Amino acid sequence: MFPDGRITDGKKTGKIDKTLLELSIGIFFWGIVCQAAGIWLVSDKIGYSIGLWIGVFVAVAAGIHMWWALDRSLDFAGGIAVKMMTKYNIIRYLAIVAIMGLVMASGFANPLSAFLGLMGLKVAAYLQPFTHRICTKFYKDHA
């Protein structure tokens with residue numbers, strides 16, 4: 001163990017995690033499905049679309065932040081890693097609440113469709129085994 005509490009040397013490969021890529025693809029797939037299906041059910045089509053894609057991009061950003069936080073925190077021993085992950089979770093949730101609050105207060109976009117897009121993060125987590133099977137066909141190393 002290193003003096004600062006790390007259990008590895010902290011060297012990163014610089015490559016995006018394939019699971020994160022598959023998760024992001026699932027989120028965008030969710031956005032496309034919600035756009036295609038939901039646009040016919042609302043009267044404010046522009047507000048619905050803007051809100052939905054704000055939610056989708058926030059979901060992708062939250063997924064990237066989770067990957068980054070896990071990657072950074074798991075270099076440390078148990079107690080320190082838990083504290084770091086708690087800190088990063090609070091930061092992520094506060095950012096999501098702030099963005100959703102801005103969407104609601106501005107009236108610029110539909111906050112319910114923004115929430116629907118944000119839920120793409122949850123849906124994509126369940127879709128990940130399916131997106132993994134599809135994506136492995138495109139990976140060069142098939143790992």
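Student: Among contacts in the protein between residues at least 6 apart in sequence, what share join residues at least 24 apart?

Tutor: A contact is a pair of residues with heavy atoms within 4.5 Å. In this predicted model, 72% of the contacts between residues at least 6 apart in sequence join residues at least 24 apart. Residues are numbered from 1 along each chain as its sequence is written, and side-chain values use heavy atoms, with hydrogens and water left out. Local features need pLDDT of at least 70 and side-chain atom pairs count only at pLDDT 80 or more, while totals for chains, interfaces and linings use all residues.

Student: How many helices and strands does the protein have?

Tutor: Helices (H or I, at least four residues) and strands (E, at least two) are DSSP runs, numbered from the N terminus. The protein has 5 helices and 0 strands.

Student: What percentage of the residues count as buried?

Tutor: Buried means under 20% relative accessible area, exposed over 50%, and partly exposed in between, with a 1.4 Å probe and protein chains only. Of the 143 residues, 35% count as buried.

Student: Which residues touch the most other members of the largest nonpolar core?

Tutor: In soluble globular proteins, nonpolar side chains tend to be buried together. A nonpolar core is a set of buried Ala, Val, Leu, Ile, Met, Phe, Trp, Tyr and Cys residues joined through side-chain atoms within 4.5 Å. Here the largest core has 19 residues, and I27, I96 and L121 touch the most other members. Two or more residues come from each of α1 (18-38), α2 (45-73), α3 (78-106), α4 (111-118) and α5 (120-135). α2 gives the most, with 7 residues.

Student: Which residues does L121 contact, leaving aside neighbours within four places in sequence?

Tutor: L121 is in contact with L23, I27, A59, A62, G63 and M66. A124, in helix α5, counts as buried because its relative accessible area is 0%. With neighbours within four places left aside, A124 contacts L23, G26 and I27. The C-alpha atoms of A124 and I27 are separated by 5.3 Å, although these residues are 97 apart along the chain.

Student: How does the span of α3 compare with the expected one?

Tutor: The expected span of a helix is 1.5 Å times one less than its number of residues. α3 has 29 residues and reaches 42 Å from its first C-alpha to its last, close to the 42 Å expected. Its buried residues, including Y88, R92 and I96, pack against α2 and α4. Just after α3, G107 takes a positive phi of about 70°.
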